[in-house]
Amino acid sequence: MNPLGFLRLASLAWLATLAGCMHAPTAPGSSGAPIVRTQDGDVRGSRESGVNRFLGIPYAAAPAGEMRWRPPSEPAGWDGVRNAQSFGPACVQPEVPAASIYNDPPAAMSEDCLNLNVWTPQGAQDVPVVVWLHGGSLRIGANSLPIYDGTRYAEKGVAFVSVNYRLGPLGWLAHEELSRESELGVSGNYGLLDQIAALEWVRDNIGAFGGDPGNVTIMGESAGALSVTYLMVAPQARGLFDKAIIQSTNVRSFPELREARNAMPSGEQIGADVLEKLGVPDIAAARELDARDLTSRATAAGFSPQGTIDGHFLPRHLIDVFDSGEQAHVPVIVGYNAHEYRPEGVPAVRMPSVPGAYEAAIASIYGDLAPEYLRLYPESEGVDALLDATGDGIFGWSGERIARSQRELGLPSYFYIFDYCYPSAAARDLCGFHASELPFTFGNMAAEDLPARWPVPDGTHDRAVSDAMIAYWTSFAASGRPLAPRLPVWPAYGEQQNFMLFADSPVAGRDPRPGMFELHEDFADRERREGRSWGQLIGLAAAPMPARDDGN
């Protein structure tokens, strides 16, 4: 090597060291590749158009072998500079039917999947931080999917972090043997523990990327929104975030670790049943199984990943924690989509063909609540009545309940409904379907950014709707108030039940669907009193409910 080359390398090493000491990314050399020093070692990212990008950074060790079904542990550090210019593998997940609108398989998957990505503005210093938790029923999804690219957030002055967490049985299986192994005597919720570990990584490292660890917003959609709700309940997550954005969550009942309650088996029993179906005698043998084979077979056997009420990480049912005011005391944006369920996604749902049969069935199930139910979801709407009742009763009720709970704590909460439709979605009766807001909240609307069967946005207002949502979301992350220049003021939910409707343009209003919340709240309350599960079976799928006893 010639002397000039040696001097250049020495200069680069000095700049990298300086970057770590100053906790700000630098761009050594003509390549413009920024290098940041984390607590585990240096990482080299990439830069394009003023945005730094660092991909596939491990925040925990591989939860494989004997570490399968154990809490996440710290990653091994490394010497030299780690390449962070390509995504890490997704967590192991089953295949999705090719015909599904949500079929978007990751490029690679592995048990060694606990990695995250960081997008930051070039030269960032103490910028607000958003931590994204992807959706996918706690079964599928990845932080590497193009729809979740965080560039637009970095362009708006935000450090954007996207996280992988364990999925399916590898992330959410409870079992008596696993509880006995645990120092806390609990099992399940490993995906939640991963999310907490990622937030701890953000607390300890995001300052080196130019983010403010004291101004962190957690954000998620569907299972990611449920994860945000779990984090609001988990005592171990306190102090790790300051705000929350919750897109289509639910606060339904979940299995308790050891007791069969609310017409559900215990979490440990669910785990035992799954292993029995797989012909696996014990956890030691289950740890020997190939991760993909285990995941696929458990999914085929009916395992449904979900949180477990373990008395520790999820100390009580979500609804009970929120009712007692013991959740995280943070401002929230929370909402859902106008038509979460559409016929293409649930083709088996049918309105009874016999005239009057629908109304008679609802009367037998809802009793004295039936007139209000039928006012909101009349037979004349056909199958849309069934689908919208389910979307409202799961996502709408849950979101509005969280908005009300934060209001009761004196905290600002901002409620929304997404009801923007564009021609390709309308052609397939997919206006406002579940997750349809994602291309707009991320600004990633090209065909190559979306799953193969997704209706690609092709409307005249697409970019304006996206710009508005990103402006509201990023300003909320910065200040706790969703503000957008030259757009309507978004008032807090408050006593007047204020909300923002995202259609062709944002429109502020009051009481989004009069009577909707009250109906589903009353029905869920009766289900709880009867010792049944709540927030899951709505409309014709629900069991008949006794009349309310006003004396109780």
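Which side chain does a polar contact of 2.9 Å join to that of Ser-187? The views below show this predicted model.

**View 1. Ser-187 and its polar contacts.** The side chains of Ser-187 and Ser-179 are joined by a polar contact of 2.9 Å (a pair of N or O atoms within 3.5 Å; within protein, one must be able to donate a hydrogen and the other to accept it, and residues adjacent in sequence count only if both atoms are side-chain atoms). The Ser-187 side chain also reaches the backbone nitrogen of His-175, at 3.0 Å.

View 2. Ser-187 lies in the loop between helix H4 (176–181) and helix H5 (190–205) (helices are DSSP runs of H or I, at least four residues, and strands of E, at least two, numbered from the N terminus). Ser-187 is buried, with a relative accessible area of 1% (buried means under 20%, with a 1.4 Å probe and protein chains only). Leaving aside neighbours within four places in sequence, its contacts (heavy atoms within 4.5 Å) include Leu-173, Leu-257 and Thr-308.

**View 3. Strand S10 and its partners.** Five of the five residues of S10 (243–247) are buried. Lys-243, Ile-245 and Gln-247 lie on one side, Ala-244 and Ile-246 on the other. S9 (211–221) runs parallel to S10, joined by five bridges (pairing needs at least two DSSP bridges). Ile-218 stands opposite Ala-244. S11 (332–337) also pairs with S10 in the parallel sense, over four bridges. There, Ile-333 is the bridge partner of Ile-245.

**Notes.** Residues are numbered from 1 along each chain as its sequence is written, and side-chain values use heavy atoms, without hydrogens or water. Local features need pLDDT of at least 70, and side-chain atom pairs count only at pLDDT 80 or more, while totals for chains, interfaces and linings use all residues.

Methods:
Buried means under 20% relative accessible area, exposed over 50%, partly exposed in between (1.4 Å probe, protein chains only).
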